[in-house]
Amino acid sequence: MGFCVFCSKAGEGPAEWLLVELQGEVVSRQNTGLAGNLMGDLHYTKEGVPVLIVGHHILYGKQVKLEKPFAVLMKHSGLPRDEEETMETNQENPTSYTVSALIKKKLIFKTRPKPIITNVPKKV
Amino acid sequence: SAKYCPILTNHKSMESLFIHLIIRGDKDEHAVLCNEDETYDLKIADTSNLLLFVPGCKTPDQLPDISASPQLVHAQIWGFSNCYWELRRQRPRLKKLKKLLMENPYDGPAVGMQEEAPGPKYTMDDLLERIQASREEIEAHLQNVHACEIDGFWRILDFDYEMKLLGHVTQLVDSESWSFSKVPLSVCLEELGSLEPKSMIEHCLNCYGRRYSNEDGQVIYALDEDKVCRATAQLLLQNAVKFNLSEFQEVWQQSVPEGMSARLDQLRGLALLDRSSKPETISLLRIEDLPEDTLERFNSLFSLREKWTQDDIEPYIQDLCGEKQTTGALLTKHARSSVQNGVKVYNSRRPIAT
């Protein structure tokens, strides 16, 4: 019988976020986890082509308008943290969701990352 | 604590989708998402790609056109995910609505000093909580099943009581020699108010007629011949398993108000004709008595009858069609066709235990 309510923030519409889609996995160099680290640099060429530099790789992508936009929801559980394991909701503490953001476009990087080689040994 | 879970939507106007949404479902049901007038299935989908969410990150069209010094903007990746929820528009699950209301049908006001017998009763808020559909879809279905609000509770009428009310109205129309399309509300309430509550008389007229105002501003009803005849047929058919078709047609025509025509096409989705038996027969088969799930519906229909023509099966599968789906497409998906005596018929794709 649980019900959850979404509502957008009164007045303003939700913020707009960007989605960046990559093929494969992103790992941190020393396997220290991703949080708090610099992932890479995003550039745009004069023609508007997005270019992503991650570590020593360079990826070329494109901007795509999402046919089916995403909405990002934030869950607000009425229950104290340690009780969240159960999926039950009750009348006094209904779970609710708010729409934090909408995503209408994405940058998708589908090409194979190319390594950037800065030191090419000269042929002897 | 906050957890983000991305949802993909395919609604035509996304901003309006987020004014007011509700996720509904009992513990044993799949969750659905509803806005004011639509219902969506929630399904988790995953991708092998990595999805990164970057709040406020700008795209080239949003950046000023500068040929001067390059700019560095810090943007934070909020999070990442491999999966998301997908919304798919679906027909609302409304069978439960009638089931709940049928727990305690209304069969008239309590007699004398007695209180009405106790039984479960549901307000609109109760229904909104229990039924996996949007408010508008629920309101439309309440109208379809001829439910009415009594003392704040939504009640479905006991069918015999509903027919009793209709009988009062049609008998009055007959005795006053009114045209079926000019039934004045005020006279009905005056003449029949002593027999039944006025609110019930008016409810009956709302169910079986179209309400309008005449030039003098009086409220008038135009009785719906199809609805009246159909209800009369149900009253007759529910008393036996099968009827001889021609006998039934005779009795049915005699039972409807004089001046109305009883026609078999009025019974689509209510009764099933068997033209292959000798004599031809007719029996009650109401779509609302059949399973709601598509596969279960087809299984049920094919266990009742092995082979169906499209014309016969159509009224019983019409409501299963998704957006932009035809009954033909449904049949192609769930049935196998063959030709019998020059006519195309459909049977089950899988063996049915009868």
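Predicted model: local features only at pLDDT ≥ 70, side-chain atom pairs only at ≥ 80, totals over all residues.
Chain A contains eight strands and zero helices. Read from the N terminus, the order of its elements is β-β-β-β-β-β-β-β. Of the 124 residues in chain A, 31% are buried. When contacts in chain A between residues at least 6 apart in sequence are considered, 68% of them join residues at least 24 apart.

Over all chains, the structure holds seven aromatic pairs. One of them is formed by A:Phe70 and B:Tyr84, with an edge-to-face arrangement in which the ring centres are 5.2 Å apart and the planes make an angle of 85°. This pair crosses between chains: A:Phe70 belongs to strand S6 (residues 62-76) of chain A, and B:Tyr84 to strand S5 (residues 79-89) of chain B. A:Phe70 has a relative accessibility of 5% and therefore counts as buried. B:Tyr84 also counts as buried, because its relative accessibility is 15%, under the 20% cut-off for that class.

A further edge-to-face pair is made by B:Tyr106 and B:Tyr161, at 5.9 Å centre to centre and with 80° between the planes. B:Tyr106 lies in the loop between helix H2 (95-101) and helix H3 (124-130) of chain B, whereas B:Tyr161 is in helix H5 (residues 159-176) of chain B, so the pair ties together parts that are 55 residues apart in sequence. B:Tyr106 is buried, its relative accessible area being 7%. For B:Tyr161 the relative accessibility is 4%, and this residue likewise counts as buried. Elsewhere in chain B, a cluster of B:Phe243, B:Phe248 and B:Trp252 is linked by ring pairs.

Helix packing in chain B was examined for several pairs of elements, including two that involve H5(B). Two packed helices are described by the angle between their axes and the distance between the axes. For H5(B) and helix H7 (residues 198-208) of chain B, the axes come within 10 Å and cross at roughly 90°. H5(B) is therefore roughly perpendicular to H7(B). On the H5(B) side the contact involves B:Tyr161, B:Glu162, B:Met163, B:Leu165, B:Leu166 and B:Val169, which meet B:Met200, B:Ile201, B:Cys204, B:Leu205 and B:Tyr208 of H7(B). The contact of H5(B) with H7(B) comprises ten nonpolar residues, no polar residues and one charged residue.

B:His168, B:Val169 and B:Leu172 of H5(B) make the contact together with B:Val187, B:Cys188, B:Glu191 and B:Leu192 of H6(B). By class, the residues of this contact are five nonpolar, one polar and one charged.

Helix H10 (residues 294-304) and helix H11 (residues 310-317) of chain B have axes that come within 11 Å and cross at roughly 140°. H10(B) and H11(B) are therefore oblique to each other, and the crossing of H10(B) past H11(B) is right-handed. B:Arg297, B:Phe298, B:Leu301 and B:Phe302 of H10(B) meet B:Ile313, B:Tyr316 and B:Ile317 of H11(B). Six residues of the contact between H10(B) and H11(B) are nonpolar, none is polar and one is charged.

Two further residues of chain B were considered individually. B:Cys207 is located in helix H7 of chain B and counts as buried at 8% relative accessibility. Apart from its neighbours within four places in sequence, B:Cys207 is in contact with B:His146 and B:Lys227. The C-alpha atoms of B:Cys207 and B:Cys148 are 9.9 Å apart in space, and the two residues are 59 residues apart in sequence. B:Leu33 is located in strand S3 (residues 32-34) of chain B and is buried, with a relative accessible area of 1%. B:Leu33 and B:Asn239 are 206 residues apart along the chain, and their C-alpha atoms are separated by 41 Å.

Key
Residues numbered from 1 in each chain as written. Chains lettered and ligands numbered in written order. Heavy atoms only, no water. Axes fitted to C-alpha atoms, helices over the stretch in contact; angles between N-to-C directions. Helix = DSSP H or I, 4+ residues; strand = E, 2+ residues; numbered from the N terminus. Parallel < 35°, antiparallel > 145°, perpendicular 65-115°, else oblique. Left-handed = near helix turned anticlockwise from the far one by under 90°. Contact = heavy atoms within 4.5 Å. Nonpolar A, V, L, I, M, F, W, Y, C, P; charged D, E, K, R; others polar. Phe/Tyr/Trp six-rings, centres within 6.5 Å; stacked < 30°, edge-to-face > 60°. Buried < 20%, exposed > 50% of the residue type's maximum accessible area, 1.4 Å probe, protein only.
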